[in-house]
Amino acid sequence: MRNTSAQDHTLSSLSGRNGIATAQQHTKAVVGFNTNRLIACHDCDLLHHLPEHAITTLLCSRCGAVLHRQKPATVERSLAWITAALILFILSNSFPFLAIRSSGLAQETILLSGIHELWKQDMHSLAVLVLLTCVLIPLVQMLGLLYILVPLQLGGRPAPSAGSLYRIVQELAPWGMMEVFMVGILVALVKLDHLATIVLGISVFSFAALIFVMAAAFASLDPVLLWDRLDQRR
């Protein structure tokens with residue numbers, strides 16, 4: 001009986017037109033094979049090998065599901081969105097987030113001062129969680145993508161350790177929870193509305209815009225194309 005433990009199903013030939021390709025299944029040894037060009041079908045888990053040449057849309061050979069759809073100008077668009085996100089991030093942490101007016105007294109707060117107040121009230125775990133998920137992790141993602149995308153946009157070789165940094169950015173993606181924090185702010189505003197006058201600052205609007213801009217940045221990023229560009233350094 002032939003041992004197939006070191007073998008895998010890959011994409012060997014392409015057929016189709018109008019930029020749509022389907023995979024023809026065959027067996028190839030994994031030893032010495034470039035695993036960076038492997039992609040698994042999200043529907044049936046069949047493993048395919050991405051073609052070397054550009055394909056607009058790639059379909060699974062078994063179930064016909066879309067394996068990959070190329071995103072045009074991915075570096076340029078993602079870099080533009082990330083730059084806008086960084087500007088909004090600076091605004092969100094520089095101007096008053098909201099002001100509370102009650103009995104003739106007014107108190108303004110910014111995002112970082114709110115985290116500091118949580119720490120002073122012995123809510124250490126919550127303060128650290130908000131700091132990580134709403135400030136540090138989004139900042140690392142933005143700076144990391146800038147470090148990766150700027151050299152590619154300028155036409156040079158990828159920056160040193162760009163591949164490792166991109167893996168970190170991908171791993172951190174589920175931990176960025178700015179939208180959860182924003183929902184919590186809205187709930188708190190509704191509950192405090194009858195107790196005091198709440199004045200929204202510019203940071204609230206820039207923070208809300210930041211959520212959508214970050215989502216657009218990741219949506220416009222083509223991981224397959226980006227990995228191809230990063231592999232040029234090897």
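**Exercises on helix packing**

The axes of helix α1 (residues 74–92) and helix α3 (residues 124–153) come within 9 Å and cross at roughly 145°. Axes are lines fitted to C-alpha atoms, for helices over the stretch in contact, and angles run from 0 to 180 degrees between N-to-C directions. Helices are DSSP runs (H or I, at least four residues), numbered from the N terminus. This is a predicted model, in which local features need pLDDT of at least 70, side-chain atom pairs count only at pLDDT 80 or more, and totals for chains, interfaces and linings use all residues. Residues are numbered from 1 along each chain as its sequence is written, and side-chain values use heavy atoms, without hydrogens and water.

**Exercise 1.** State which residues α1 contributes to its contact with α3.

*Solution.* Contact means heavy atoms within 4.5 Å. On α1, the contact is made by V75, E76, S78, L79, I82, T83, A85, L86 and F89. The α3 residues include C134, L139 and Q153.

**Exercise 2.** Find which residues of helix α4 (residues 162–172) are buried, and on which side they lie.

*Solution.* Buried means under 20% relative accessible area (1.4 Å probe, protein chains only). In α4 the buried residues are A162, G163, Y166 and V169. They lie on the same side of α4 because they cover an arc of only 115° around the axis. The arc is that of the directions from the helix axis to the C-beta atoms. Among the elements covering these residues are α3, α6 (202–219) and α7.

**Exercise 3.** Repeat this for helix α7 (residues 223–230).

*Solution.* V224, L226, W227 and L230 are buried in α7. Their arc around the axis is only 165°, so they sit on the same side of α7.

Notes: Buried < 20%, exposed > 50% of the residue type's maximum accessible area, 1.4 Å probe, protein only. Helix = DSSP H or I, 4+ residues; strand = E, 2+ residues; numbered from the N terminus.
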